[in-house]
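Hello,

Here is the structure I promised to pass on to you. Have a look at it first, and then read my notes below.

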Amino acid sequence: MLADVARLAGVSTASVSRVLNAPDTVRRETLQRVTAAIDQLGYLPDGAARALASGHQRTIGAVVPTLDNAIFASCINALQRRLAEQNFSLLVASFNYDQHEELRETRALTVHGVAGLMLVGSAHSPELYHLLQNRGLPYVTTWSYSPDSEHPSIGFDNRAVAYRLTDYLLDLGHRRIGLLAGMNRNNDRVSMRIRGVQEAMAQRGLEIPPEYFLERPYDIRQGREALRHLWQLPNPPSALICGNDILAMGALFESQALGLHVPAQLSIVGFDDLPISGNLVPALTTVRVPSAAMGRLAADYLVNRLEGLAPSDHTELDADLVVRGTSGLPLVTP
């Protein structure tokens, strides 16, 4: 009950109500005490509690890093369509790669009485997992395949795919390979892709020089600036691996602005295979991420769990290398 939360947190019931309905108006200390009490007691507001007790919860939540990237929108669209086929609705929240914000948004979704939750990646705060387990909410992580994890996953092996992509460039004869990664903080997908690139290079007795390794937010302008920086080096790379297609597009656009010939002077590869990637000139070599399949399978997993079935906790999908016009043999093999 609301009074129990207030008593445990040492505040008034009015303060608890404000935390639930207008958290931005509450002092940080009070907010932390009340949310800790809510989590400890497993408290649900009346509407959510009634839905849970009646078994009439027909809403699933999804918490994604951002909605600016079309690759996440594709996953959400597939998730919503598959849920609608089974008479479920979808609530979506984003958290901009901030674990504190992710926890806050997840808590807000539980207050609204979601019956299950789709997460992205495996890097989440212990408090978030505690919240879900305390609520007894089924959940599934996507975009990474973690067969040894206690948390259910639907995705692909980011490390292995990045290794394969790097091997492809090495087989073409590239040795001066740059890496324009996304931001590594709170992003296990980026971490695993970096690791895959490094391991593939090490297997050939090579490494990425520090000046060839850049982390940038997923933004076209950032991709352009990074490429400009790399091309000013005394000995720039002959190939550039980009953390996603957005960065790769920026690098391609800046290459063209500088008068570089892609791929003769510089090979550029991305990650995602956005719809526009195959229509660039030259078309972008990239990794096709199964975003829609992850959305559909996440919907099936959560609905099956809610219906008392026992779906497999770990599902691995393929992420295929798509070779197009932005990659080729180096102009001069080092």
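Of the 334 residues in the chain, 51% are buried, meaning that their relative accessible area is under 20% with a 1.4 Å probe and protein chains only. Please keep in mind that this is a predicted model, where local features need pLDDT of at least 70, side-chain atom pairs count only at pLDDT 80 or more, and totals for chains, interfaces and linings use all residues. Residues are numbered from 1 along each chain as its sequence is written, and side-chain values use heavy atoms, with hydrogens and water left out.

Now the overall picture. The chain has 12 helices and 12 strands; these are DSSP runs numbered from the N terminus, with helices (H or I) of at least four residues and strands (E) of at least two. Along the principal axes, the C-alpha atoms fill a box of roughly 75 × 40 × 35 Å. Taking contacts (heavy atoms within 4.5 Å) between residues at least 6 apart in sequence, 71% join residues at least 24 apart.

There is also a sheet to look at. Six strands form an open sheet in the order β2-β1-β3-β4-β5-β11, with parallel pairing, where two strands pair if DSSP finds at least two bridges between them. β2 (89–94) and β11 (314–316) stand at the edges with a single partner strand each, so one side of each has no neighbour in the sheet. Strand β5 (residues 153–155) runs parallel to β11 and is joined to β11 by 3 bridges. Within this pair, S153 stands opposite H314 of β11.

Note on methods. Buried means under 20% relative accessible area, exposed over 50%, partly exposed in between (1.4 Å probe, protein chains only).
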